[in-house]
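Please look at the sequence and the structure below. The paragraphs after them lead through a few places in turn.

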Amino acid sequence: VAGPFLAYYFYNISVIGFFTNLLVVPLVSVILISGLISGIIGLLLTPLGSAFVRVPGFLLSTVEKIILVSSKLPFTTIVVPAMPPISIAFYFASLALVFDLVPFSDKVQLKRKKICAAVLIVFSLIPAILPFGAFEVTFIDVGQGDSILIQTKGKKAILIDGGGTPPYYSGDFDTGEDIILPFLYSKGIKKIDAVVFTHFDDDHAKGLLSILKSMKVKNIIFGVSEDCTIYKEMLEIARQKQIEIIRVGRGDQFTIDNVTFDVLNPVKNAKKNYSSNDGSVVLKMNYKDISFLFTGDLEYEGEQDLISSGIDIGAHVLKIGHHGSHTSTSEEFLSKVKPSYGIISAGMDNNFGHPSPQVIDLMKNSGVTVLRTDLSGAVSFKISGRSVKIYTSIPEELKNHEKSNSFLRRRKAFD
């Protein structure tokens, strides 16, 4: 009975939970009773109560060990995508039929009942067993940071950056574990084909460490090595889990499920020393007739280098560099990219003043539609054939940005 609710809220179902409960539930009953007895004895005879309370304490420790061991066993949980409420309704309707909560008077109706129950079960599972319906690019709302998920029609997943908390943060919140991982599970993603570190700043890379630890990852892609803790930890996790590491630079290209990624930055064997931001991996992704430009934290110097290289940096959708900082997105760069949409990933009321008002004004004056994660939440582009629909996670914004392929026609007008 709890299965649908676990799937709906946590995007996974425990396979071993039933068997674990066979051991744990009787022990918990004994713990409650012995704990109550220990408390009563302690009120009357404190020394004896202190001795007796060790019994429920030992049993509680045993229960904890059983749960920890069982949770680490392979294949103990099944990841399921976000289940719509209608699937849960179908599931409980089938249970009502199976357990005779709906009365049937004769054998013919009983046979129909079984068929109806089977059909309802199948319908309830459709969202979990069907592949992605469309190619999708989602700019995940990770607060003051960047994270982009690309899902292909062939169920491949590419994750560019993973957000992260600043170095001075001392709490236990983890962007990768608490935001990105549940989001991936909600999409039914169990494996990532490529994790891209654009660079190793905390607000881009720190959250990816949790993803590398928790999920099966095929490849790690990065550009410039850095003498920092995150880079070293990435190498160590990759070594332990035998994840292939691929270092890329300008001129490289890779394809995943017919989606082409051209590496525009960093420059291989560059003679000049770039800042961490200007050394960001910049990717131009082409899918059918649609292009995205992912810029990491690229700033003016890096933008000028791209422009002077003569590389085609034109794209329909531009991920605005460095969270919309005034140190990025020059007028010349924007005129070369000619985007229809500019996506800014930034935290609401952040301490850095991102995005810069001058960048916002520049884009609006250039006719670029601006979408911001701090205002709209996650921003998703769903592409099916020639149709492009744009969704945001905040309902009030959804109706303002759901579009068709009009921005494709607009981009062609620029070319």
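**A walk through the model**

T295, at 2% relative accessibility, counts as buried (buried means under 20% relative accessible area, exposed over 50% and partly exposed in between, with a 1.4 Å probe and protein chains only). This is a predicted model, in which local features need pLDDT of at least 70 and side-chain atom pairs count only at pLDDT 80 or more, while totals for chains, interfaces and linings use all residues. Residues are numbered from 1 along each chain as its sequence is written, and side-chain values use heavy atoms, with hydrogens and water left out.

T295 sits in the loop between β12 (290–294) and α10; helices (H or I, at least four residues) and strands (E, at least two) are DSSP runs, numbered from the N terminus. A polar atom of the T295 side chain lies 2.5 Å from the backbone oxygen of K319. Leaving out residues up to four places away in sequence, T295 touches S280, V281, V282, L318, K319, I320, G321 and F333 (contact means heavy atoms within 4.5 Å).

S280 is placed in the loop between β10 (259–265) and β11 (282–287). With a relative accessible area of 0%, S280 is buried. Its side chain makes a polar contact with the side chain of H199 (3.4 Å); a polar contact is a pair of N or O atoms within 3.5 Å, where within protein one must be able to donate a hydrogen and the other to accept it, and residues adjacent in sequence count only if both atoms are side-chain atoms. The backbone nitrogen of D297 lies 3.2 Å from a polar atom of the S280 side chain. Apart from neighbours within four places in sequence, the contacts of S280 include T198, N265, P266 and L298.

Next comes helix α10 (residues 300–309), where G302, E303, D305, L306 and I307 are buried. The elements that cover these buried residues include β10, β11 and α11 (331–337). Just after α10, G310 takes a positive phi of about 80 degrees.

Two helix pairs share α8. Helix α8 (residues 202–214) packs with helix α9 (residues 229–241) at an angle of about 20 degrees, and their axes are 10 Å apart. Axes are lines fitted to C-alpha atoms, for helices over the stretch in contact, and angles run from 0 to 180 degrees between N-to-C directions. α8 and α9 are therefore roughly parallel to each other; angles under 35 degrees count as roughly parallel, over 145 as roughly antiparallel, 65 to 115 as roughly perpendicular and the rest as oblique. On the α8 side the contact is made by D202, A205, K206, L209, L212, K213 and S214, and on the α9 side by I230, E233, M234, I237 and K241.

The other pair is helix α7 (residues 175–186) and α8, which pack at an angle of about 55 degrees with their axes 9 Å apart. α7 and α8 are therefore oblique to each other. Here α7 contributes G176, E177, I180, L181 and L184, and α8 contributes G207, S210, I211 and S214.

As for the whole, the protein chain has 15 helices and 17 strands. Buried residues make up 45% of its 415 residues. Among contacts between residues at least 6 apart in sequence, 64% join residues at least 24 apart.
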